[in-house]
Amino acid sequence: MDQRTAPILDALEEYHRLGRYGYTPPGHRQGRGVDKRTLDVLGADTFRNDVLASAGLDDRSSSNGYLASAQQLMAEAVGAEQAFFSTCGSSLSVKAAILAVTRGTGDILIGRDAHKSVTAGLILSGLQPRWIRPRWDEELHLAHPPSPESVEQMWQRHPDAAACLIVSPTPYGTCADIAAIADICHSRNKPLIVDEAWGAHLPFHASLPTWAMDAGADICVVSVHKMGLGFEQGSVYHLQGPRVDPIRLKQCADLLATTSSNVLMYAGMDGWRRQMVSRGEKQLAAVLELVGSVREAVNDLPGLHVLHDELIREEASHDFDPLHVLIDVQQLGVSGYQAADWLRGNHRIDVGLNDHRRIEATFSVSDDRETSGRLLGALEALVEAAPGLPVPPTVRLPAPEDLEMETVQLPREAFFGPVEVVPASEAAGRIAAEQVTPYPPGIPAILPGERINARVIDYLRSGVEAGMVLPDPADPGLQTIRVVQE
């Protein structure tokens, strides 16, 4: 195929050149009816390019196949057999993959460091999760991807499970040994799903960690908006091999997806693929070199430390994506929550992941000396300001074993069954009926169906006092928690 083309972008150009006009949704009619105050913020082109996918961009039967061609080009570009675009984020794509491989029944092996979107799939499907233990780092208090040995042990304990799902890279940039895990799954003729939301860029440069498809995964889900250059909610799920029915996978996605897919998101993914094929390797090489210098510069600032060796030692991660610049700020005497808030409030710099002792800046091919200079300047100012910041509240961190709570009820049954609200101080020993997820990174500390222990409640409540954000429980302050009614 001609990778220089971008079928969806080309079709949009033709749409405007021909002066098409639709008496269909969207009702703003390419922005004609939109208030000027809105256009001044969002831009006229945003609305101009928000057109209907069929009976708009394409004809009513999609006979031109713009989307199908763009998906085929994506699959060819990255070496997958098939690729499917989603405009509902990787959250939907992962749920569709889970439903497709399990047919909505039975057991599935899942790394306990999975994103909340994965566990939401368990609630919707009624599946029985069999949790694979990640490699908990008691010193750093973060989770590394599960080892091949832990996956093998879980297959031995649950040989009838339908599939295995792991997250790689993690939000910290650490990566699993996907090739070894794929071999373990395939020796049992079971599919491996990799939630590679943070890995859209991996196929396009040899110095980056191995892409899941190259390592043998059956399904790989990537978020184009995270490390790629697409719009928020743009996601691609890739498929290869004989273990997953592509028709069932597509139909499961159709069950969950919107029927009003946004052409802007499709076009963003289409254009990003073309860009990566034409000059992605060169652009990634440039940002990798840039990040190397940024890491050195941050490490030279007193009180700051960029994690690297700690993340790839033998008991930690198989590989690491250096575009995740994970900065430990504890020697400054501040928390990651404080550092994130201070950088935003004083230097208009937003960082992603933040916790009791770290902040993270993720780099993409969009970054250069100017943007990295802004970050370094802000961090220098943070170092100077830190002595004047309040002493952060102590987060009472649990031991790794405390985070491995027993699943005593199906997540679906616990979530949808009769519930009661109890004070968090009385929740120990009760079965959770809701997710409780520090965000970012979005890995649930408590899941529906798990028996709550006091150490995790203590951790979360002290975390909230220190600045942790819990977006999903009914009471974000965690004074109360929803539990299964006794």
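Predicted model: local features only at pLDDT ≥ 70, side-chain atom pairs only at ≥ 80, totals over all residues.
Residues are numbered from 1 along each chain as its sequence is written, and side-chain values use heavy atoms, with hydrogens and water left out.

**View 1. The largest cavity holds about 550 Å³.**
A cavity is a set of points, on a 1 Å grid over the protein atoms alone, where a 1.4 Å probe fits but cannot get out; lining residues have an atom within 4 Å of a point. Points are joined across faces, edges and corners, and a volume is the space filled by probe spheres set on them. Searching the whole structure turns up 4 cavities of 30 Å³ or more. For the largest, look for His 141, Tyr 172, Leu 403, Pro 438 and Tyr 459, which lie nearest the centre among 31 lining residues. The lining has 21 nonpolar, 5 polar and 5 charged residues, where Ala, Val, Leu, Ile, Met, Phe, Trp, Tyr, Cys and Pro count as nonpolar, Asp, Glu, Lys and Arg as charged, and the others, Gly among them, as polar.

**View 2. The second largest cavity has about 100 Å³ of space.**
Here 13 residues form the lining, and Tyr 15, Gly 22, Thr 24, Pro 25 and Pro 26 sit nearest the centre. Sorted by class, the lining has 7 nonpolar, 4 polar and 2 charged residues.

**View 3. The largest pocket has a volume of about 1,000 Å³.**
Trp 198, Lys 226, Gly 352, Leu 353 and Thr 362 are the closest to its centre, out of 41 lining residues. A pocket is an open set of points with protein on both sides within 12 Å along at least five of seven lines. Helices H5 (89-102), H9 (224-227) and H14 (369-385), plus strand S14 (358-362), each give two or more residues to this pocket's lining.

**View 4. The second largest pocket has about 850 Å³ of space.**
Among its 34 lining residues, Ala 53, Leu 67, Thr 258, Ser 261 and Tyr 266 lie nearest the centre. Helix H4 (66-78) is one of the elements supplying at least two lining residues, and H4 gives the most, with 4.
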